[in-house]
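Colleague: I am new to this structure. Please take me through one annotated site closely, then show me what lies around it in the rest of the chain.

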Amino acid sequence: AVPYNHREVETKWQKIWDDEKAFQTSDDYSKPKYYALVEFPYPSGQGLHVGHPRPYTALDIVSRKRRMQGYNVLFPMGWDAFGLPTENYAINNHIHPKIVTKNNVERFKGQLHALGYSFDWDREINTTDVGYYKWTQWIFLKLFKAGLAYKAEMPINWCTSCKVGLANEEVVNGVCERCGSEVVRKVKSQWMLKITEYADKLLEGLDSVDYVERVKVSQKNWIGKSTGAEVDFVLKGKEDKMTVYTTRPDTLFGVTYMVMSPEHPFIDKYKEDIKNWEDVVSYREMASKKSDFERTELAKDKTGVMLDGLTAVNPVNGKEIPVWISDYVLMSYGTGAIMAVPAHDERDWEFAKKFNMPIIEVVAGSPVDVNEAVFTDVETGILVNSDFLNGLSVAEAKDKITAFLTEKGIGHKKTNFKLRDWVFSRQRYWGEPIPIVKCEKCGYVPIPESELPLELPDVESYMPTDNGESPLAHMTDWVKTTCPCCGGPAMRETDTMPQWAGSSWYFLRYTDPKNDRELASKEALNYWMPVDWYNGGMEHTTLHLLYSRFWHRFLYDEKVVPCPEPYKKRTSHGMILGSNGEKMSKSRGNVVNPDDIVRDYGADTLRTYEMFIGAFELSAAWSEDGVKGCRRFLERVWKLQEIVTGDDAYSKDLEVKMHQTIKKVSNDFESLKYNTAIAAMMALINEFYKKNAVTNGEFKTLLTLLNPVAPHITEEIWQRMGYEGRIYQITWPEYDEEKTKESTIEIAVQINGKTRATLAIARDEEKDAVIAKAKETVADKLTGNVVKEIYVPGRIVNIVMK
Ligand code: ANZ
Ligand code: ZN
């Protein structure tokens, strides 16, 4: 055969697929459907990264296989194109973000095209298209009308460099996720979305979906449902009661002090009573500079100040206890105040040790004295030093004390969530305008749906103002408007939506991307939703995945979408690291450019390599040798053309192997085991080379199984061999379960324990038949009297002769 020229082969087939519209999704809703989704990329200026092809190839494999199995497949692609890096680039280079986006999209698209993905490009979407964000704004109006969007003065995370408010999730280890600069707290009026109202629904929804375990667990932890009690402590001589949230009301007799968050409103309220006010002020100042993350780190040295002048009273035993402030108590959780039980809470224990506070054991069972170590085991502990709770288990004591508190009117059962409402405003230009006006008389008024889309106007400068307002605030003509409600003067909202907005519903738009009357037609949504398989990065588990489930669930409640959960199945891939095992980055100089690999080795080699690199869910280090190994494998497949003989049947000696390989590859493609599927195909071609022959039937099956991984080379060989049609149009090979089992086995025939011959028998052949055959094989040696016949099933027949 001619040498394998990947460049020629790949451009040739990419053109054929385009011309034939090979992977176009059909609108024939009578066929069974399959919706495979990958996270659409942010078209950054850096172009495609070698990390992108890993998830894309995996679901391209699934999509190609499904088409061959007769499904109508939706496997779409688009651009999550609003966002900060584009805006920052536009500012620095004096280019409109629209143009930056257009250029970046073109480059990305070219790169994806060169990788041979079977996306239906007719359904391409871009979150920055007016025809798209019209519906993002429409959903926002629905949220607003449902009372789920509201404005609030919020201490927000403020990036000092990007000059933008960040959601908690965008602050990583105290710095801005995007630029790495310091993040400080700043109080600003922000649009908020009440995702907390959906906390329970988002939690329960997880029971009905097929997500990989680690994704489910981290969603659950992020929602953070916790049940316990709120308890009121009297402040001695004051009218106010100090309410705390505790998950361990059973430990109430072990409370030795109280702690309020440094931001607790009682502190200013009782300023006059607090004798060490100056200490309090300077402590508060120090705490305000720390992020919640730093404040709640377990290992951290505890700090705090006692409020000299305030005393609390324990409602169950009347004991007077001191009140402290400390930054390990957050204002944003529970009531912003806690009852401290140092014997049984780790942070309280550390605090008590540091400040010499008493430690009272109320749950017995600790192997050492509670002054030596905290005791937190709730399974085995028994209540002590606790009056009417003594002798009870922790669970029993919780119930009893909660009933007691409720009856006395000093407490009640309470559920809390870690989940916070979603800060939905950004003081930036490159985002969806929020379709709201502010009227002095009517307050915040939604613009009428008929006025959507509210287009992002062109501005002179994209720079945010120094006081942190969006650049849109400079545009007086645009900002000044009339109130849709009373007709009086009003001002447009100048904040824009965060980047998470467009990606919170994009999977719906793909089902009907050009619809200008609805976000998608009912028929399209009924047919395509939910997404059958969604794969994406672990880093999006708590943000994008939760946000999009929230919007979708809301749209379900609004009867816009037909199902409560958007994704039936969610899987997650590991990262591709540099060859040194570290994250790829410019500064480490270990970045691999996919364009170079495609040019030098071919898209099929890159695809095969990224699937072969290791277990899909784990991160894996890049290796140039590994790339070369995959290239050699494809060359060996190519050269099989030279040894093809015979007809469309499988040869007798390879029949089992063929059925086994079809079974293994088919199953492995379904269960994220792409690497072992490829290994099985490598093993199969070794068999062909051992015999120096492959039948047409065997070759066709191999090419079909390999096609989803390496689509170009397999189509090319198929055509060169003169096989009919195209692989993408044929049916996925079937295997026969019976034929995957080795049907004949070899056993030894012994006379008096010495092997005299071997015998091929059927695996399930009866004992008597085996012995008869064995005797026949060694008939000429059976010269004496046979006194015994022993059969060790599947292994030996021993004939004892005298
Ligand atoms: C007394 C106690 C005794 C507690 C004990 C724990 C163990 P989760 O499960 O996360 O909900 N807590 C309450 N509000 C807090 C706040 N704003 N900042 C910091 N800590 C706060 O944890 C609830 C527990 O965390 C509560 O139960 C409280 O300490 C603390 F043996 O109350 B506990
Ligand atoms: Zn008005």
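Predicted model: local features only at pLDDT ≥ 70, side-chain atom pairs only at ≥ 80, totals over all residues.

Modeller: Start with K586, and with why it counts as exposed: K586 has 8 C-beta neighbours inside 10 Å, and a residue counts as exposed with 12 or fewer. An unreviewed UniProt entry marks K586 with the annotation "binding site". K586 belongs to a loop, the one between β27 (576-577) and α17 (594-600).

Now the sheet. Five strands form an open sheet, in the order β2-β1-β25-β26-β10, and the pairing is parallel. The edges are β2 (72-74) and β10 (210-211), each of which pairs on one side only. Helix α2, residues 53-68, packs on this sheet. Helix α2 touches β1 (33-38), β2, β25 and β26. The direction of α2 makes about 170 degrees with that of β1.

Look at β25 in more detail. Strand β25 covers residues 533-537 and runs parallel to β26, residues 569-573, with four bridges joining the two. Strand β25 is mostly covered, with four of its five residues buried.

Next, the ligand. Ligand 1 is surrounded by 17 residues. The closest are S226, T246, R248, G334 and H344. Two elements give two or more residues to this shell: β12 (241-246) and β16 (337-340). By class, the shell holds seven nonpolar, eight polar and two charged residues.

Helix α18, residues 603-612, packs with α21 at an angle of about 115 degrees, and their axes are 7 Å apart. From α18, the contact uses T608, M611 and F612. From α21, Y674, N675 and I678 take part. By class, this contact has four nonpolar residues, two polar and no charged ones. In general, two packed helices are described by the angle and the distance between their axes.

Helix α21 (674-691) also meets the buried residues of α22. Helix α22, residues 696-706, is mostly covered: nine of its eleven residues are buried. Those buried are E698, F699, K700, T701, L702, L703, T704, L705 and L706. Besides α21, they pack against α19 (624-639), β29 (644-645), α20 (655-670), β30 (694-695) and α23 (711-720).

Finally, step back to the whole chain. The protein chain has 24 helices and 34 strands. Its C-alpha trace spans about 115 × 80 × 50 Å along the principal axes. Of its 802 residues, 40% are buried. K586, where we began, counts as exposed. Contacts across the sequence complete the view. Among contacts between residues at least 6 apart in sequence, 71% join residues at least 24 apart.

Notes
Residues numbered from 1 in each chain as written. Chains lettered and ligands numbered in written order. UniProt positions renumbered as here; feature names shortened; annotations may be inferred. Buried ≥ 20, exposed ≤ 12 C-beta atoms within 10 Å, placed from the backbone. Near = placed C-beta within 6 Å. Nonpolar A, V, L, I, M, F, W, Y, C, P; charged D, E, K, R; others polar. Pairing = 2+ DSSP bridges. Contact = placed C-beta atoms within 7 Å. Axes fitted to C-alpha atoms, helices over the stretch in contact; angles between N-to-C directions.
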